Amino acid sequence: MELRIPTLEQLQTVYNSDMKSAFPAAELKPLSAIQRMWREQRYKPYCLFDGDDIVGECFLWLGHPGWALLDYLCVSRRARNAGLGALILAKLREVEPGTVVFGEAEAPEHAPDPAMAERRLGFYARNGLQTAGYDTEVFGVHYKTLYLADHKVEDAALMAEHDFVYRGSFTPEKYAKYVRIPYDPAKAPGEQVAWDQ
């Protein structure tokens with residue numbers, strides 16, 4: 001199996017078949033936003049190919065050189081429970097050597113399905129991701145911050161890159177309304193809204 005960039009047509013197919021069924025509206029970017037960011041060289045929508053068949057996705061939202069936000073990790077419904085999520089992360093390390101990949105996983109204490117959120121965090125920990133010392137809130141969803149790197153990354157550096165990714169994509173007004181880096185547990189949670197609000 002190979003992790004590589006799909007064609008535009010393949011991206012549209014996996015978005016409609018895999019991404020829409022795997023992610024709630026508050027967490028899923030519109031396909032047009034992904035395509036625009038890809039054209040602007042701020043996004044890499046990797047797909048796991050088994051021959052000509054795509055069995056999973058691993059989309060990176062690019063920051064400064066050497067930094068990327070793991071925007072989505074998804075295994076096709078028909079290929080789940082075969083270790084492909086772990087394989088995608090292993091192959092990601094191969095195709096992005098030296099890149100600090102950071103991401104967000106829903107915090108169990110505010111997740112609609114806390115047990116599933118705990119399992120997801122366990123999966124990431126088993127596959128080498130470390131938990132950062134800060135959480136985030138994006139579009140009303142509270143996340144734990146994780147990262148994959150071959151060295152310890154200080155929270156201040158990680159937070160700066162995390163902030164850079166979102167500030168570079170949103171207007172100041174949208175950022176102020178929908179993004180909290182770091183998450184402040186003393187503040188009331190924001191309203192959960194779709195990504196393209």
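**View 1. Helices and strands of the protein chain.** The protein chain of this predicted model holds six helices and eight strands, where helices (H or I, at least four residues) and strands (E, at least two) are DSSP runs numbered from the N terminus. Along the sequence these elements follow the pattern β-α-α-β-β-β-α-β-α-β-β-α-α-β. Residues are numbered from 1 along each chain as its sequence is written, and side-chain values use heavy atoms, with hydrogens and water left out. Because the model is predicted, local features need pLDDT of at least 70 and side-chain atom pairs count only at pLDDT 80 or more, whereas totals for chains, interfaces and linings use all residues.

View 2. Eight strands form an open sheet with mixed pairing in the order 1-2-3-4-5-7-6-8, two strands being paired if DSSP finds at least two bridges between them. Strand 1 (2-4) and strand 8 (179-180) stand at the edges and have a single partner strand each, so one side of each is left without a neighbour in the sheet. Strand 1 runs antiparallel to strand 2 (residues 43-50), and three bridges join them; R4 has C47 of strand 2 as its bridge partner.

**View 3. Helix 2 on the sheet.** Helix 2 (residues 31-39) packs on the sheet and touches strand 2, strand 3 (53-62) and strand 4 (67-75), contact meaning heavy atoms within 4.5 Å. The direction of helix 2 makes about 105° with that of strand 2; axes are lines fitted to C-alpha atoms, for helices over the stretch in contact, and angles run from 0 to 180 degrees between N-to-C directions.

**View 4. Surroundings of W61 in the largest nonpolar core.** A nonpolar core is a set of buried (under 20% relative accessible area, with a 1.4 Å probe and protein chains only) Ala, Val, Leu, Ile, Met, Phe, Trp, Tyr and Cys residues joined through side-chain atoms within 4.5 Å. Of the 41 residues in the largest core, M19, F59, W61, Y72, L158, Y166 and F170 touch the most other members. Leaving aside neighbours within four places in sequence, W61 is in contact with residues including K29, M37, R42, V165, Y166, F170 and W195. Apart from this core lies another, of 22 residues, among them L48, C58, I88 and V101.

**View 5. Cysteines without disulfides.** A search of the whole structure finds zero disulfides, a disulfide being a pair of cysteine sulfur atoms within 2.5 Å. The sulfur of C58 is 9.4 Å from the closest cysteine sulfur, in C47, which is too far for a bond. C74 is likewise in no disulfide, the nearest cysteine sulfur, that of C47, being 9.8 Å away. C58 counts as buried at 0% relative accessibility, and C74 is buried with a relative accessible area of 3%.

Notes
Buried < 20%, exposed > 50% of the residue type's maximum accessible area, 1.4 Å probe, protein only.
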